[in-house]
Every structure is written in C-alpha cells, then in structure tokens.
Amino acid sequence: MNKIFSALAISLIAMASCTPARDSRMDFCVSQVKTALEHLDADYTQSPRNIAPGDTVWSCREVSRECWTEGFWPGILWYAYEASQDKTIGEAARNYTEALEFIAHSKAYDHDLGFIMFPSFGNAYRITGEQKYKDILLETAGQLSELYNPAVGTILSWPREVDNFGGHNTIMDNLINLELLFWAAENGGDPNWRDIAISHADKTMENNFRPDGTSYHVAVYDPLSGRHLYSCTHQGFADDSMWARGQAWGIYGYTMCYRFTKDEKYLDFACRISDAYLDKLPEDLVPYWDFDAPCIPQEPKDASAAAIVASALIELSSYIPGEKGANYMETARKIVDSLSSNYCSAGLNDAFLLHSTGHKPNGSEVDYSIIYADYYYIEALHRLQVSK
C-alpha cells in the first residue's frame, strides 16, 4: 500500500510541475528532456518521432532526406538548453543538430527542408551565433529554392506525388518552409529567395483557402501553364472540411510572413483565418483532428494543432494593438493552460503532451505523443516568457 501511495504521490507531484506556473512548465519540459536523453541510445542519427498510447519512450526514425520531423527534437533540445543552460542538453542539441548537416548538401527530396533545418540549425544559430550553423541554413535555402516553379509561383511540395495529383502540388504545411527563405534572403543569401517566398504565400492565399477563411490542404496546378486545377485534402476528412493542423499551419505561416514583410495583407489574413479556427474550437480549446469530422465528440483530438496555434497567436498578438491583440494573447495563454492541464504526459511517457493526431485517414499516429506537438509547445512557453 505504501508503494502504491508513493507512486501516486510522485505522479501527482510531476503533474503539478506541469500545470501551475509558466516557469514550472518549462522546468517540466527540461526534466522530460533529461529523462528522454537517458532513455535514448547515444546514436544521433536516430531521431525521436512519436510515442504510442501505452508506451513510455520515444520511437525513433533514422535521419534521412525523407523524414520531415527530424529537426524538431534538436529544436526542443535548443529551447531546453536556452531555458536551463544545462551542458548535457546543450551537447545533445549540437550532436543531434549536426547529424542533419548532410541534408543541406543533398538535392531537395521535397519541401520539408525548412521543417528539418530551421528548428535545428535555426535555433542553433540564434542561440550560439556560430557561423557554421548560418552557412548550413544558407545552403539549405538554396536547395529549397530549386523546388520553385515560376510558372506556378509556388514551391513544389511533393515531387513524388505529381502523377498522383495530376500536377504541381502545394500543401498548407509548405508555408512554414518560407521562414527559411525569408531569413536566408535577409542574412546573406540570394535576395530572390524573398520574392519566391512572397509569391508562394500569395498563391497559397489565393488557392488553398475558401471564402470563409477555412483551408484546403492541397492546391494542384498545371506545371507548364501555372493554371490552378483544383484544391483538395490529403490528411483531412474531406475536400470541403477544415483539417485542424492545416489551418494551424496557415495561422503560423501568415503571421511569420508579416514578421518578415510587414505587409498588412498578411496580418489581416492571419487574423481572418485565426478567427475562423478559434470560432469553431471546443470548450477546452484543443481541436478535434478535423473540425468537420463526422463523429465529434468521439473523434480524436490534435494537441499538435493547438500547440502550433498557441505559439502563432503569441506572436500575432504582438503585432495588433488594443483589445484584439490582447484577446489573441489571452487565448494563447488559455490554450497553453489547457494543454498543460489536460494533455500533459507527466508520469506516463517521455514526451510533453498526449493526444496528437498525425494522419487520421491513413490510421497513422492517432492519439499519439508526437514530436512536433512538443516542439511548438516548448516554443510557445519560450515565447510567453520573452513576451513578459
């Protein structure tokens, strides 16, 4: 009986460290990172990806050009190192980051280069200022720019899927890769990369969204004429539904576009699509995997979408004066509070969050802990701290 009580007490203490204050939530993340590092083999070519329900440690994938999530773990490590100054975490951040360097020297497999390299090398350069990290980012931006089709005006998302979709495909997720191009153009890279990013953002605004501000996952174009052929879903419930993480990428992406351009159309659009998302949220502010899925409230949730939106809204709020900006910040805080209180992994596994959904139509990573949910959660905590 004493052993049972002791285990329960430890679990409650761990959960308490996840919920009450922003500082302690970051402390919880640092603690989880340390535990995860103890459980991981010291093989930096193996990248944490997910934890299945009932499992306790990260399932890893071998790093390659074909895995879009491998930059998030080193990104988490950099945020945890920045918060803690723990040398062991800092060393791991370097090692996991530098294991990805080969990707910068390889021809782009698809659009995910920004996802892979900016959380890892981007945070490495932001925190350390070391030239080698900057050089890798610039080289990677050059590789990403090769996927741009000037006839269409966007970056090709999935070269391997051109035949399946019947044309040049551009997905919502691709907006996040524009950060690498914008940043590189401002930091010694080709100035034309900025023009590519702007063109891509504009075309995505035109063809990946409906009049009500909700999003399609995919827009398909004739690669020669550039004509828009059709828009559809790939990971959502239906072509006319709002896939939660897709909408989250849009909110994050257009907020970031405003950061680099200061073009009011991106700010206005970020607000519009944020409102379309926020207006449909359930009471706990964490969406079901698709807002139009047929069996709500029995459908799985997606904590990753909530974490992405929380991080985006913290930044978006800083660009908008008055009550509207304050409301976005308050909503971001409430989302983080909900994730911390109701989706916390404390005592259950090595992640930060439970209940994310990867690719529901494929039956993949449904109700899992997923590495990108943790990345945007710790980024949101960091942004809350620096916004004080």
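Pro-282 sits in the loop between α12 and α13, where helices (H or I, at least four residues) and strands (E, at least two) are DSSP runs, numbered from the N terminus. This is a predicted model, in which local features need pLDDT of at least 70 and side-chain atom pairs count only at pLDDT 80 or more, while totals for chains, interfaces and linings use all residues. Residues are numbered from 1 along each chain as its sequence is written, and side-chain values use heavy atoms, with hydrogens and water left out.

Apart from neighbours within four places in sequence, Pro-282 is in contact with Pro-287, Tyr-288 and Lys-301, contact meaning heavy atoms within 4.5 Å. Between Pro-282 and Asp-212 there are 70 residues in sequence and 19 Å in space, C-alpha to C-alpha.

Ala-351 is found in the loop between α14 (322–342) and β8 (356–359). Ala-351 is buried, at a relative accessible area of 0%. How far apart are Ala-351 and Trp-58 in sequence and in space? They are 293 residues apart in sequence, and their C-alpha atoms are 7.6 Å apart. With neighbours within four places in sequence set aside, Trp-58 is also among the contacts of Ala-351, alongside Phe-28, Gln-32, Ile-51, Ser-345, Ser-369 and Asp-374.

Ser-120 belongs to helix α6 (residues 113–128) and is buried too, with a relative accessible area of 0%. Leaving out neighbours within four places in sequence, Ser-120 has contacts with Gly-71, Pro-74, Gly-75, Trp-78, Thr-97 and Leu-100.

**Helices α9 and α11**

Now for a pair of helices. How do helix α9 (residues 178–186) and helix α11 (residues 244–261) pack? Their angle is about 10 degrees and their axes are 10 Å apart; axes are lines fitted to C-alpha atoms, for helices over the stretch in contact, and angles run from 0 to 180 degrees between N-to-C directions. That makes α9 roughly parallel to α11, a term for angles under 35 degrees, with over 145 counting as roughly antiparallel, 65 to 115 as roughly perpendicular and the rest as oblique. On the α9 side, Leu-178, Glu-179, Phe-182, Trp-183 and Glu-186 make the contact, and on the α11 side Tyr-252, Met-256, Cys-257, Arg-259, Phe-260 and Thr-261 do. These residues divide into seven nonpolar, one polar and three charged; Ala, Val, Leu, Ile, Met, Phe, Trp, Tyr, Cys and Pro count as nonpolar, Asp, Glu, Lys and Arg as charged, and the others, Gly among them, as polar.

Helix α9 is mostly covered, as eight of its nine residues are buried. The buried residues of α9 are Leu-178, Glu-179, Leu-180, Leu-181, Phe-182, Trp-183, Ala-184 and Ala-185. Their cover includes α6, α7 (131–145), β4 (154–155), α10 (192–207) and α11.

Of the 18 residues of α11, 17 are buried, so α11 is largely enclosed by the rest of the structure.

**Backbone points to look at**

Most residues other than glycine have a negative phi, and most peptide bonds are trans.

| Residue | Phi |
|---|---|
| Gln-85 | positive, about 60 degrees |
| Lys-262 | positive, about 60 degrees |
| Gly-188 | positive, about 100 degrees |

Gln-85 is in the loop between α3 (72–84) and α4 (87–98). Lys-262 follows α11 and lies in the loop between α11 and α12. With a relative accessibility of 46%, Lys-262 counts as partly exposed.

Which two residues does a cis peptide bond join? They are Ile-296 and Pro-297, with omega about 15 degrees. Pro-297 has its place in the loop between α12 (264–278) and α13 (303–318).

**Cysteines**

Taking a disulfide as a pair of cysteine sulfur atoms within 2.5 Å, the count comes to zero disulfides. For Cys-60, the nearest cysteine sulfur is that of Cys-67, 10 Å away. Cys-60 is partly exposed at 27% relative accessibility, and Cys-295 is partly exposed with a relative accessible area of 43%.

Methods: Buried < 20%, exposed > 50% of the residue type's maximum accessible area, 1.4 Å probe, protein only.
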